[in-house]
Amino acid sequence: MGFLSASKPADDGGKTWPAIAIGLFVAFGGVLFGYDTGTISGIQTMPYWQRLFSTGYVNSSGDPTVSPSELSAIVSILSAGTFFGALASPFFADKIGRRLGLIASCFVFNLGVALQTAATAIPLFLAGRFFAGLGVGLISAQIPLYQSETAPKWIRGAIVGAYQFAITIGLLLAAIVNNATQHRNDTGSYRIPIALQFAWSIILTVGLLFLPETPRFLIKQGDEQKAAQALGRLRRLPADDPAITSELAEIRANYEFELSFGKATYLDCFRGPMLKRQLTGMGIQALQQLTGINFIFYYGTQYFKNSGIENAFTISVITSVINVVSTLPGLWAVDRFGRRPLLFWGAIGMCIGHFIVALLGTLTTGQDSEGNIIVYNEAAQKASIAFIAIFIFFFASTWGPLAWVVTGEIYPLKTRAKSLSITTASNWLLNFIIAFVTPYLVDYGPNYANLQSKVFFIWFGACFLCISFVYFYIYETKGLSLEEVDELYNECKSARKSTSWTPTVGFRQRQLANESSGPDEKSGEHSPVVQHV
């Protein structure tokens, strides 16, 4: 596992490969997310699909197709479904468990896929997109939760980041399948790409049947025997091994400490010290969407066509390949160099890429009276594609995987499922807004902004905000257990100083100290033992 992360600490008990293998398999759920996102980019440009789903609108060439407003609804309704799915995820994850919650979510997703496959008109297609989105939203909040609660701390960043890698694989598969079926003159042109999603869902569902529940969920349920068995299975140690007993004792002590303040509600995610963490998670997920990545993967094929680029489907496949390959350096670096530096320099790289794409597109293209793009400099257009590729590299190696890593590890067990549902919903809310408004921002016509390449100036501005956000709000959590991350936020008040913080006394040690102290000393048991500044 040397490629993925730093070396295993000498004091880490048992084997780690089972937990790593389980975390990487669960990341496969990202394929559902990525593939579902990627299919619509190609399907919306397929001539047969445009004619079949047209309600009478014709484009500037006189061909029947769906209108920009209809396309906006078709693309964005998936994100509306994911928003509600993410918010609903705690009712699955906290009630029936992380593992069974994921299995149930796959069935919701399958319903959406079935409706889309059967559709021959917009209404049923919209319903299918919504339910598929509902399933993806449920899955997208629960996978980082499951991974974070089962992964060894020294490689947690790479394992949770693998979820984003699976998303890129899904986007690539969608681009390849769309490219293979785009010229079919029958319903197979869109039904084949959509129906293939059943395969990804079945693979994930069957695999989950054989995986353990997370030990932290079982501790939360008060079932310590099953928690010990689950952790023993992850570490390949007997349930009564001292290393298992010690790790569970720390998890239990941390959870009991949290429960001493009462049970968590959604409002608790925004109260007291939790407010900073909740806003950090919501901010990083919202900014991940505002980087402009989904503009490229939702509307990239159409944008490349509009820009006068031939073989737009081929370019879409190439950008998807770059997205996949570029994620690997991020998985290698996240547990070596940490979260803060990767996110900081990634935002700078994305800024540069967007600014040059916007500049080249604005200065070297124009439009005729019907809104068709006129390319004045083909070399500049090729350079523009190169800088889009550079942007994708910086996104895929930093903000793509690390947004999921950060949100998966900064919340305490008591609110973790609820906090993650809110942060993931923030991601999907911005995803919905971007998917809905993009045709109005980019397209030509009455009541449309017709920004074309100028839209990249908007993404540039958002990436500039990312730089400041990382500097002031992102804590360095590399190499810390989830319980130590909780201690970090309690003791270190500045994200800029988090890089020099080291854990001192764990919750189990505090609990033992409190049990052996007198009543006067126990009255201050919720105060941190050591203050790090």
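In the predicted model, helices H8 and H9 are roughly parallel to each other, because their axes cross at roughly 5 degrees and angles under 35 degrees count as roughly parallel. Helix H8 spans residues 188–195 and helix H9 residues 197–208, and the two axes come within 4 Å. On the H8 side, the contact is made by Pro-193, Ile-194 and Ala-195, and on the H9 side by Gln-197, Phe-198 and Ala-199. By class, five of the contact residues are nonpolar and one is polar, while none is charged.

Thr-181 belongs to helix H7, which covers residues 156–181. The relative accessibility of Thr-181 is 6%, so this residue counts as buried, the limit being under 20%. With residues up to four places away in sequence set aside, Thr-181 touches Met-46, Gly-188, Ser-189, Ile-192 and Pro-193. One of these partners, Pro-193, also takes part in the contact of H8 with H9.

Side chains of opposite charge can pair when their charged atoms come close. The structure contains 15 salt bridges. One of the pairs is formed by Asp-94 and Arg-98, whose closest N and O atoms are 2.9 Å apart. Asp-94 is buried, with 13% relative accessible area, and Arg-98 is likewise classed as buried, at 0% relative accessibility. Both residues belong to a network of salt bridges that also links Glu-149, Lys-220, Arg-416 and Lys-418.

A salt bridge also joins Arg-339 to Asp-335, with an N to O distance of 3.1 Å. Arg-339 counts as buried, at 0% relative accessibility. Asp-335 is buried as well, with a relative accessible area of 5%.

Arg-252 and Glu-224 form a further salt bridge, in which the closest N and O atoms lie 2.8 Å apart. Arg-252 is located in helix H12 (residues 242–259) and Glu-224 in helix H11 (residues 224–235), so this pair ties together parts that are 28 residues apart in sequence. Glu-224 has a relative accessible area of 37% and is therefore partly exposed, since that class lies between the limits of 20% and 50%.

Definitions and conventions. Residues numbered from 1 in each chain as written. Predicted model: local features only at pLDDT ≥ 70, side-chain atom pairs only at ≥ 80, totals over all residues. Heavy atoms only, no water. Helix = DSSP H or I, 4+ residues; strand = E, 2+ residues; numbered from the N terminus. Buried < 20%, exposed > 50% of the residue type's maximum accessible area, 1.4 Å probe, protein only. Contact = heavy atoms within 4.5 Å. Axes fitted to C-alpha atoms, helices over the stretch in contact; angles between N-to-C directions. Parallel < 35°, antiparallel > 145°, perpendicular 65-115°, else oblique. Nonpolar A, V, L, I, M, F, W, Y, C, P; charged D, E, K, R; others polar. Salt bridge = Lys/Arg side-chain N within 4 Å of Asp/Glu carboxyl O.
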